[in-house]
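Trainee: Could we go through this structure together, asking each time what lies behind a label?
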Amino acid sequence: MVSQAEVAEINTYFQNRMAQSKKIWATRGPDARAAAMAKKASAAPTWRQMSGLRLMMHEVGHVGNRPFMVGFGLCAVGALWMQTKFTDEMKKDSLYWSTYHGGK
C-alpha cells in the first residue's frame, strides 16, 4: 500500500498545482485584463511603447548604438551641408530639379 509520507507528498503536489491553477485563473477574463492593462499603463514606458524622438533619444543612450549614431549624425550633417551648397545655378542645370521642381 501507500505510506503516509507518500500520501503527504501527493497531497502537497496537488495543493501546489491547485494554487498555480487559481493564480492562472485569476489572470483570465475581462476584469483581470483591465487590471493588467491599468498596471502596465502606470509603469514606466518600455522601448516598445516609445516612438519618434523619444525612442531615438532612448536608443542614443545605449553604448552599443554610439557608432551607428555617429555615422547617422555625419550623414545628416553631410546631407545638410550639400543641400546648402546647392545653388540656383546648379538647380537650373540639374535635369532632375528642372523636371520635378522647376515648374513649381
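Trainee: Why is F14 called exposed?

Mentor: Buried means under 20% relative accessible area, exposed over 50%, and partly exposed in between, with a 1.4 Å probe and protein chains only. F14 has 53% relative accessibility, so F14 counts as exposed. Bear in mind that this is a predicted model, where local features need pLDDT of at least 70 and side-chain atom pairs count only at pLDDT 80 or more, while totals for chains, interfaces and linings use all residues. Residues are numbered from 1 along each chain as its sequence is written, and side-chain values use heavy atoms, leaving out hydrogens and water.

Trainee: What makes F68 and F72 a stacked pair?

Mentor: Rings of Phe, Tyr and Trp (its six-membered ring) pair if their centres lie within 6.5 Å; planes under 30 degrees apart count as stacked, over 60 as edge-to-face and the rest as tilted. The ring centres of F68 and F72 are 6.1 Å apart and their planes meet at 25°, so this pair is stacked.

Trainee: How many aromatic pairs are there by this rule?

Mentor: The count comes to four aromatic pairs. One of them joins Y13 and F14, with 5.3 Å from centre to centre and 70° between the planes, and is edge-to-face.

Trainee: Where do F68 and F72 lie?

Mentor: Both are in helix α4 (residues 66–84), four residues apart, which is about one turn of the helix. Helices (H or I, at least four residues) and strands (E, at least two) are DSSP runs, numbered from the N terminus.

Trainee: Are F68 and F72 buried, partly exposed or exposed?

Mentor: F68 has 57% relative accessibility, so F68 counts as exposed. F72 has 44%, so F72 counts as partly exposed. Helix α4 also holds G78, which is partly exposed because its relative accessible area is 28%.

Trainee: How many helices and strands does the protein have?

Mentor: There are six helices and zero strands, giving the pattern α-α-α-α-α-α along the sequence.

Trainee: What makes S94 count as buried?

Mentor: S94 has a relative accessible area of 18%, so S94 is buried. S94 sits in the loop between α5 (88–93) and α6 (95–100). Its side chain reaches the backbone nitrogen of W97 at 3.1 Å. W97 belongs to helix α6 and is partly exposed because its relative accessible area is 24%.

Trainee: How does the radius of gyration of the protein stand against that of a compact globule?

Mentor: The radius is taken over C-alpha atoms, and the globule rule is 2.2 Å times the number of residues to the power 0.38. A compact globule of 104 residues would have a radius near 13 Å, but the protein has 31 Å.

Trainee: What share of the residues counts as buried?

Mentor: Of the 104 residues, 5% count as buried.

Key. A polar contact is a pair of N or O atoms within 3.5 Å; within protein, one must be able to donate a hydrogen and the other to accept it, and residues adjacent in sequence count only if both atoms are side-chain atoms.
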